[in-house]
Amino acid sequence: MSRATIIEHVHGRRVFDSRGRPTVEAEVRLQGGAIGRAIAPAGASKGSAEAVDRRDGGSAMGGHDVRGAVASVAEQIAPALRGLDGHDQIAVDEALIALDGTANRSGLGANAMIAVSMATAWAAAEAAGQPLWRHLLGERQGPVTLPLPEIQIFGGGAHAARRVDIQDFMIVCPGAETVAEALDWTAEVYRAAGELMAESGRLAGVADEGGWWPVFASNEEALEALVQAIERAGRRPGDEVAISLDVAASEFGKDGSYQLARDERVLDRDAMIELLEGWLDRYPIVSIEDPLAEDDAEGFLRFTRKFGHRVQIIGDDFLVTDAGKVRAAAQAGIANAVLIKPNQRGTLMETLECWKAARAYGFGGVVSARSGETEDVTICHLAVGWQVPQLKVGSFSRSERMAKWNELLRLEEALGDRARFAGGTPYAASPPSPSASSSSA
Ligand code: 2PG
Ligand code: MG
């Protein structure tokens, strides 16, 4: 180990996220002078099995303050990591996991852990004189895939006071040839959607992730508006610009029963699947996240059997970036893609393990931001550095979102001739292969 990459100091700082809530920023300084910095994001619609943030509780800041987590960086993490090789991400992450000592990361807090884990990666890249994406990519030569952006046009669910039940009404641009073109098309669709809302007297600001506030009489009306916006923007719905949904069904479904408040209906598992089937038939939907609730493996299985050959089925709350859950789901024939959120686990090492497990089973992958975000752009570098073919960041407004899209433009420019855009439909076209061996992960 080179002395230059030995961790000299870890500093925790209390900063604020896009909801105005405190969050943890970490700075890792190496002996050679390199410094890495990263900020923890925060979810609102969370899976019950995801790693938990450490929050102070009480009345100040609505109980969301993170003074305890920031103190854990100074008092526990900094002394434990001092002297470790910052270049050895696994050693650092294993030290964090051991120090935390809990299964759900409630000891140190997943917010403190992920900030430090990501800051370590930035410091190591800085010490190597490379941007993070290149550092993660390693010695690999040849073309580099840039992820297909998945971008929200209308918010919903827990991100829009449950104005509609479905959480994310998004688009992807499989017909675009570059990230820059996909973002141009998205900008036009986003603008067209805003005009449509204004013309029909429904413009009411934006939801948590910057998508238009969903003033709709039904969940399906949002899908109709999305198709109209794509057409108004001069794009062909389907092959040029397609629809992607995050149903986030755990927010309104439990024990196989789904309460769609906006539609004033309570559906059982099969009726919920039928509702989605109707949408898949009527709208150009190519990807659907958490179509059933996290406790409804049976529903997920039935849904995958019926539609896994024609649509991407992503587990978010259902798989919580957990390599073991991904393997189990793949072996059972459930879902065909995973959402990858570093703070759902707490360390980069485990996040990468999850993506490797997914890849070994032919699953698709989407690196994802959280609804509470900041200017931190680490996830863009993870998507490119780990060659994950899709990136989800929320909408096309608000600077915590645009910081990521703009970073992706920079990465595309930096890659030049090596850049390959993951357009088309990078989805797992075939059902997960039961023969994939977990040892290859
Ligand atoms: C999700 C994310 C992002 P949250 O459910 O996929 O949209 O939301 O960060 O609130 O979990
Ligand atoms: Mg989700």
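## Buried or exposed

A residue is called buried when its relative accessible area is under 20%, exposed when that area is over 50%, and partly exposed in between (1.4 Å probe, protein chains only). Glutamate 400 is buried, because its relative accessible area is 9%.

This is a predicted model, in which local features need pLDDT of at least 70 and side-chain atom pairs count only at pLDDT 80 or more, while totals for chains, interfaces and linings use all residues. Residues are numbered from 1 along each chain as its sequence is written, chains are lettered from A and ligands numbered from 1 in the order in which they are written, and side-chain values use heavy atoms, with hydrogens and water left out.

## Salt bridges

A salt bridge here is a side-chain nitrogen of Lys or Arg within 4 Å of a carboxyl oxygen of Asp or Glu. The whole structure holds 33 of them. Glutamate 400 has arginine 398 as a partner, with 2.7 Å between the closest N and O atoms; arginine 398 is partly exposed at 29%.

Arginine 13 and glutamate 27 form another salt bridge, at 2.9 Å between the closest N and O atoms. Arginine 13 belongs to strand β1 (residues 7-16) and glutamate 27 to strand β2 (residues 22-30), so this pair ties together parts that are 14 residues apart in sequence. Helices (H or I, at least four residues) and strands (E, at least two) are DSSP runs, numbered from the N terminus. There is also a network of salt bridges linking Glu188, Arg191, Glu195, Glu199 and Arg232.

## The magnesium site

Which residues coordinate the magnesium ion (ligand 2)? They are Asp246 (OD), Glu289 (OE) and Asp316 (OD), at 2.0 to 2.2 Å. Donors are N, O and S atoms within 2.8 Å of the metal (3.2 Å for Na, K and Ca); water is not among the atoms, so sites may look incomplete.

Along the chain, the donors of this magnesium ion follow the spacing D-x42-E-x26-D. Glutamate 289 sits in strand β11 (residues 285-289) and aspartate 316 in the loop between β12 (312-315) and α9 (323-332), so the pair ties together parts that are 27 residues apart in sequence. Both glutamate 289 and aspartate 316 are buried.

## A hairpin

Strands β9 (residues 257-260) and β10 (residues 265-268) run antiparallel, joined by 4 bridges; two strands pair if DSSP finds at least two bridges between them. Glutamine 259 has valine 266 in β10 as its bridge partner. The two strands form a hairpin with 4 residues between them, and glutamate 264 in the turn has a positive phi of about 50 degrees.
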